[in-house]
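Please keep the sequence and the coordinates at hand while reading.

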Amino acid sequence: MRPPTYALAGALAVRAPGPVMLRRMARLRWRISHLPPLPTGSAVFLTGDHRAWSSDPTGWTFDPAGELLGEHPEGTLLSVKVRARHPDGTVTEEGDAWGGRAAPHRHVVTGDAGIDLHVAGWQDARGGLDRPARSAPPREETVLEAPWGEQPVRLWWPTGQDGPLPLLILHDGQNAFDEAPTFAGESWDAAGAAQALADAGHPVRIAALPVNHDRNRRYVPFPFELNDFASGADEYANWIRDTLLPHLHARFGPVPAQDTALAGSSFGGLITAYAGLRDPGTYGTLGVFSPAVWPADHAFLRWLAGRSDPQARVWVDMGDHEQGTLAASRDLVTRTRDLTAQLAPHVREARFTVGAGHWHDEPAWRERLPAFLRWWRGG
């Protein structure tokens, strides 16, 4: 395993490996409290990040009573799901009640414990599109031509505010509003957060950009394994700057750069920081949520050297449960704080926030979005 890399004083520093600390193993009893019907002869098993999401049931199959014993080091942060291998060799993963992807079950290993797993359904052809909405949908959806084909644009703004408004462009727009098109049934509830902001006297317009299987190519500005060593991030950033912004200005009225924000999470946070610092003066605020800067051996940290935007305000955040262990998560928070400090002299303002108890997922980003919006418009 590669030792962790740190961003310090504009350079890369590698921490020397320290002594190996043995962690106590905790015994976990996993119990399935509800299991939807399956074909006769199916093997029900547990998978997760602790076993690289393997679909091999060996060693992790539930007994006929729906129980499974496992050992995990204390301090481990587990994300798990239930899968079933059928007699014909196919594998089905648990889903929600509408056939869509389900969020993983989470557990912090602090000692021996029993954990109940409620399996609401199995993923199927319905794909979750019939999920009832808990969050408000966009007011409008339109499509613009892009080099990669048709690009949906999901728009929201407060009722009665049809002229120019401060503009927030969100990546991963499928997760921005109502739950039906989301990755795993959870959204940012961007309309709800923006409505609260409008009620406080700060109306804004949101343009959310859904992405498909091309996410790794479009959001990661460096060639690496998951984009087949062919990045499309510059093409995407060019399109936002040269097509999306002019379109929105022509329709709703021009919005100055200082009132234009770009935001996203994980690889969406990476492309936010990259596009903003690549084109200084284009965006007045960058919302860099849980940035994933590891691709291509942390190439972003090397690219960052010498980049600046003296007019930009940059929000950077990270949850304290975003790695596989509590220790690694603390390490990631420290490195992200160091990255923010490295960036601070080169922008107008850099703010770093830690999400207490937050994992790397939509519920965490939904919880942090309102604070970002208030900082953007009230700062």
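His 34 stands opposite His 118, a residue of strand β9. The model is a predicted one, in which local features need pLDDT of at least 70 and side-chain atom pairs count only at pLDDT 80 or more, while totals for chains, interfaces and linings use all residues. Residues are numbered from 1 along each chain as its sequence is written, and side-chain values use heavy atoms, with hydrogens and water left out.

Strand β3, covering residues 25-34, runs parallel to β9 and is joined to it by six bridges. These strands belong to an open sheet of three strands, ordered β5-β3-β9, in which the pairing is mixed. Because β5 (67-73) and β9 (113-118) each have a single partner strand, they stand at the edges, and one side of each is left without a neighbour in the sheet. On average, neighbouring strands of this sheet are turned by 30° against each other, direction ignored; the axes behind such angles are lines fitted to C-alpha atoms, and angles run from 0 to 180 degrees between N-to-C directions. Two strands pair here if DSSP finds at least two bridges between them, and the elements themselves are DSSP runs numbered from the N terminus, helices being H or I of at least four residues and strands E of at least two.

## A buried arginine in a loop

Arg 131 is placed in the loop between β10 (121-122) and β11 (140-146). With a relative accessible area of 7%, Arg 131 is buried, where buried means under 20%, exposed over 50% and partly exposed in between, for a 1.4 Å probe and protein chains only.

The side chain of Arg 131 reaches the backbone oxygen of Glu 179 at 3.1 Å. Leaving aside residues up to four places away in sequence, Arg 131 touches several others, including Asp 96, Trp 98, Arg 101, Glu 179 and Thr 182; contact means heavy atoms within 4.5 Å.

## Nonpolar cores

The largest nonpolar core has 52 residues, of which Val 153, Ile 169, Leu 209, Trp 239, Ile 240, Leu 244 and Phe 300 touch the most other members. Helix α3 (residues 233-252) gives the most to this core, contributing nine residues. Another core, of 24 residues, lies apart from it and has Ala 193, Ala 194, Ile 206 and Phe 289 among its members. Such a core is a set of buried Ala, Val, Leu, Ile, Met, Phe, Trp, Tyr and Cys residues joined through side-chain atoms within 4.5 Å.

## Salt bridges

The structure holds 28 salt bridges, each defined as a side-chain nitrogen of Lys or Arg within 4 Å of a carboxyl oxygen of Asp or Glu. In one of them Arg 106 pairs with Asp 361, their closest N and O atoms being 3.0 Å apart. Arg 106 lies in strand β8 (residues 105-108) and Asp 361 in the loop between β18 (347-355) and α7 (362-378), so the pair ties together parts that are 255 residues apart in sequence. Arg 106 is partly exposed at 31% relative accessibility, whereas Asp 361, at 16%, is buried.

Asp 279 and Arg 241 also meet through their side chains in a salt bridge, at 3.2 Å from N to O. This pair links distant parts of the chain, with Asp 279 in the loop between α4 (267-278) and β16 (285-289) and Arg 241 in helix α3, 38 residues apart. Asp 279 is buried at 12% relative accessible area, while Arg 241 is partly exposed at 28%. Both residues belong to a network of salt bridges that links Asp 234, Arg 241, Asp 242, Arg 278 and Asp 279.

Methods: A polar contact is a pair of N or O atoms within 3.5 Å; within protein, one must be able to donate a hydrogen and the other to accept it, and residues adjacent in sequence count only if both atoms are side-chain atoms.
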